[in-house]
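I'd like to walk you through a few spots in a model, so let's get it up on the screen.

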Amino acid sequence: MKTTFLYSIFVASLLLFSACGGGETNEQDTGAASADEGRTISIIGTDQMKFTVTEAEEGIVTGEQSGDYIIIESIEASAGEELSVRLTTESNMPPTAMSHNFVLLEQDANVDEFIRTAITARDNDYISPDYEDQVIAHTEVLGDGESDTITFTVPDEPGEYVFVCSFPGHFQGGMVGTLIVS
């Protein structure tokens, strides 16, 4: 009798749980935007001070292997395209020693001057207020396990636009690439 009672409670609980949907959701985050929302590129910033991806994909020009990742050399985009960049930092160091951001600069920006002054702008995501007008888009500065996504319209002017990590020393360490607009 006691076993039958417990079995009845168990079956009733299962029915109630499944009727409520089991706590599952039908929404799925695939990490990519739909065609009418533009394109999303997922980038990983590493301790080796490189912008990387997990695998090659169309529209990204890659270089050599860096551990488990492939270094990004450039991103190809069409003028006027809506582009999202999702940056995630993976690091074994504290954020004060190793953090990353993604900063896309205007085509005519003075990259060396931008980087030289960035070191003084810790409280502004390492973007000097004197050079904010040269920034098209940027993420926040991110420590290990943190992510930020920016969405912007690719400039109409064809050519090459530099993107950098402006955390001190990272540009000099090779954390730089180009957005090639056609």
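Let me start with a question: is Met49 buried, partly exposed or exposed? Met49 is partly exposed, because its relative accessible area is 24%. For the cut-offs, buried means under 20% relative accessible area, exposed means over 50%, and partly exposed is in between, with a 1.4 Å probe and protein chains only.

Quick housekeeping before I go on. This is a predicted model, where local features need pLDDT of at least 70, side-chain atom pairs count only at pLDDT 80 or more, and totals for chains, interfaces and linings use all residues. Residues are numbered from 1 along each chain as its sequence is written, and side-chain values use heavy atoms, with hydrogens and water left out.

Back to Met49, which sits in the loop between β1 (39-45) and β2 (51-53). When I say helix or strand, those are DSSP runs numbered from the N terminus: helices are H or I with at least four residues, strands are E with at least two. Now, most residues other than glycine have a negative phi. Met49 isn't a glycine, yet its phi is positive, about 60 degrees.

Tyr126 has a positive phi too, near 60 degrees, and again we're not looking at a glycine. You'll find Tyr126 in the loop between α2 (111-118) and β7 (135-138). Tyr126 counts as buried, because its relative accessibility is 10%.

Okay, aromatics. Rings of Phe, Tyr and Trp (its six-membered ring) pair if their centres lie within 6.5 Å; planes under 30 degrees apart are stacked, over 60 edge-to-face, and the rest tilted. How many aromatic pairs turn up in the whole structure? Four. One of them is Phe51 with Phe102, edge-to-face, at 5.7 Å centre to centre and 70 degrees between the planes. That pair links distant parts of the chain, 51 residues apart: Phe51 is in strand β2, and Phe102 is in the loop between β5 (82-89) and β6 (103-105).

Phe51 is buried at 1%, and Phe102 is buried at 2%. Phe51 also pairs with Phe163: their centres are 5.5 Å apart and the planes sit at 65 degrees, so that's edge-to-face. Phe163 is in strand β9 (residues 159-164) and Phe51 in β2, so this pair ties together parts 112 residues apart in sequence. Put together, Phe51, Phe102 and Phe163 form one aromatic cluster.

Last stop: Thr178, in strand β10 (residues 176-181). Thr178 counts as buried, because its relative accessibility is 18%. Beyond its neighbours within four places in sequence, Thr178 has contacts (heavy atoms within 4.5 Å) that include Glu73, Tyr161 and Phe163.
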